[in-house]
Amino acid sequence: MTADGAYDVVVLGMGPGGEGVAGRLAEAGLGVAAVEAGLIGGECAYWGCVPSKMMVRAADLLAEARRVPGVAGSVRVTPAWAPVIDRITGEGTDDWSDAGKAEHFESAGVEVLRGRGRITGPREVTVNGRRLRARRGIVVATGTTPAVPPIDGLEGTPYWTNRDAVVARRVPESLIVLGGGAVGCELAQVFARFGARVTIVEGAGRLLPREEPEAGALLARVFAGERVETRVGVAVERVRHDGTGFTLTLGDGRTLRAAHLLVATGRDIDLAAIGAGNAGLDEKARFVEVDERMRAADGVWAVGDVTGRGAYTHVAVYQGRIAARDILGEGGPAADYRAVPRVTFTDPEVGAVGLTEREAREAGVEVRVGFAALGDSARGWIHGPGHEGLVKLVEDARRGVLVGATSSGPAGGEVLGALVVAVQNEIPTARLRHMMYAYPTFHRAVEDALETLDHRQSDINT
C-alpha cells in the first residue's frame, strides 16, 4: 500500500476485463491498485460462464446417454445432482474463494483492495474511507447485476437469479424460468434434464429474441421433446409466493405454479453507485459510452459489460487489451465490433456472429440469405439422435460478403469459428464457395448454406 495513496492506474472491478488490464499494466511496470467488492474473476468465474457450463456439460451427458437406444444398445440413466454441485464447488470455484487469484495479482505487483470503490473526483477513487489517486487514470470494469423486472408481488419473494441456480443443492421439483434468453434457456434445459418440470415464460414472441427466428423455433421444438413448456409473447402481471411455491398470473389470464422461480431477464448497470458522475460520466445513461480506444472521459477508460457491447467475457477481455495498450501508449488496432461472436450453450448450441437478417435489413443492407438444416447434411444423418441444427447466412448482396451468420447444432459454437473469420475479414462468398470443406463434418453445412444464397427467399418471422 503506497504511503500517499497514489498509483498510476486504479482499476475499479476485477472481472475478466479488469483482470486483463490490471495484469498487463503491472507487467509493464505501472503502479496498479485493483478494487473489488466481490470475488476476483467476477460473475463469469463464479456464477456465470464456468459453473453454468459445468452444469450444461453434465446435462448433455445425460441427454447423450438417453440417445443410446436404437444406436448403440441400451443404457439405464439415473441423474444425480450431487456430483454436479461438487464439481462446481471444488474444481470450478474453489468453494467460491479467490485467494489464489488475489495472491497471483499481488505477486505480480497489483495491490488488491477489498471493498466497494466509488469515484469521488477526477482520477480519484475512495474505498473503505481511503482515497486512491490515479496519476494516469481510472479503468471502470464494474460489470452488471441481474435485472429484476418491476412485477407486482415479486419483490421480497425468494426467487432465484443465476447466482442462486448455480449453488442449488437440490434440483427443484418444478421451476418457472422468467426469461427465454441465453441464460434462461441454458438453465431451463439443465434442470429439466435432471428431472425438474420446467416452464419458460418469455415476453417476446420467441425464445432467444436476440437471435434469428429459426434458432428460437428450433429450441422450442427441442424443448417440447424434452418436456420443457414454453410460453412466449405473454407478460407476467403478478407473482405470489405462499411459502411452498410460486404462482404467476400471466397477461392472458392464465396462471402457472411451481416450487421455484428463476428470474433471467437480463442485466442492470448502476453507474450512480460507483460515482460515475464525479468522473464526468452520465450516471443516468444505460451504459458508459467509450470510443474505439475504450476512453470514456479524460483519465477514464471503461471495459466489459458497462460499455454495452455485449455481456460476454470475450468482449471484456478484448476491450481490456485495447485499454491497456492505450494507457501504455502502444497503439495497435482500434475496437471493431462487426464480428462479435455469441453462443447459447443449449443442446443444440446456438452460435451467432454479426447481424441477424432483420438487423441487416434495418441497416439498409441488400440482403441475400442462405440456409441449411443440419439434419439434412451427411454428418447430421450419420450423427442420428441429437442432430438438430441449422446454418443461416446473411450476405450483403452488393458487396458479396457475409455480414452475419448463425450456426446451431451439436457443435454450433465450434462451427461458428469459421464464420467469425469470414465476417470479420469480409471474405467474399464467391471465395467461400470454392473452398474445400472436410467430409463428413458439421461445418460442411456452411457449404450447403452458401449454395442456397442465390435461391432461397427469406421466411423471416417478425
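This is a predicted model: local features need pLDDT of at least 70, side-chain atom pairs count only at pLDDT 80 or more; totals for chains, interfaces and linings use all residues.
1. The buried residues of α1 are Pro-16, Gly-17, Gly-18, Glu-19, Val-21, Ala-22, Leu-25 and Ala-26, and the helix is followed by Gly-29, which has a positive phi near 100°.

2. The structure holds 34 salt bridges, and one of them joins the side chains of Arg-193 and Asp-60, with N and O at 2.8 Å. Because Arg-193 belongs to helix α7 (residues 182–193) and Asp-60 to helix α3 (residues 49–66), this pair ties together parts that lie 133 residues apart in sequence. Arg-193 counts as buried because its relative accessibility is 4%, whereas Asp-60, at 22%, is partly exposed.

3. Arg-67 and Asp-347 also form a salt bridge, their closest N and O atoms being 2.9 Å apart. This pair links distant parts of the chain, 280 residues apart, since Arg-67 sits in the loop between α3 and α4 (82–92) and Asp-347 in the loop between β18 (341–344) and β19 (349–354). Arg-67 is buried, with a relative accessible area of 19%, and Asp-347 is buried as well, at 9%.

4. Glu-229 and Arg-231 form a salt bridge at 2.7 Å between their closest N and O atoms; Glu-229 is partly exposed, at 34%, while Arg-231 is buried, at 18%. Through salt bridges that share partners, Asp-60, Glu-64, Arg-67, Arg-193, Glu-226 and Asp-347 are joined into one network.

5. On the surface, Asp-268, Asp-270, Asp-282 and Glu-283 gather in a patch of negative charge, and Asp-270 lies in the loop between β15 (267–268) and β16 (295–297).

How values were computed: Residues are numbered from 1 along each chain as its sequence is written. Side-chain values use heavy atoms; hydrogens and water are left out. Patches are made of residues with over 30% relative accessible area and no salt bridge: like charges are joined within 9 Å, nonpolar side chains (Val, Leu, Ile, Met, Phe, Trp, Tyr) within 5 Å. Accessible areas come from the Shrake-Rupley method with a 1.4 Å probe; for residues, only the protein chains shown count as cover. A salt bridge is a side-chain nitrogen of Lys or Arg within 4 Å of a carboxyl oxygen of Asp or Glu. Lys and Arg count as positive and Asp and Glu as negative; His and the chain ends are not counted. The place of a charge is taken as NZ of Lys, CZ of Arg, CG of Asp or CD of Glu. Helices (H or I, at least four residues) and strands (E, at least two) are DSSP runs, numbered from the N terminus. Buried means under 20% relative accessible area, exposed over 50%, partly exposed in between (1.4 Å probe, protein chains only).
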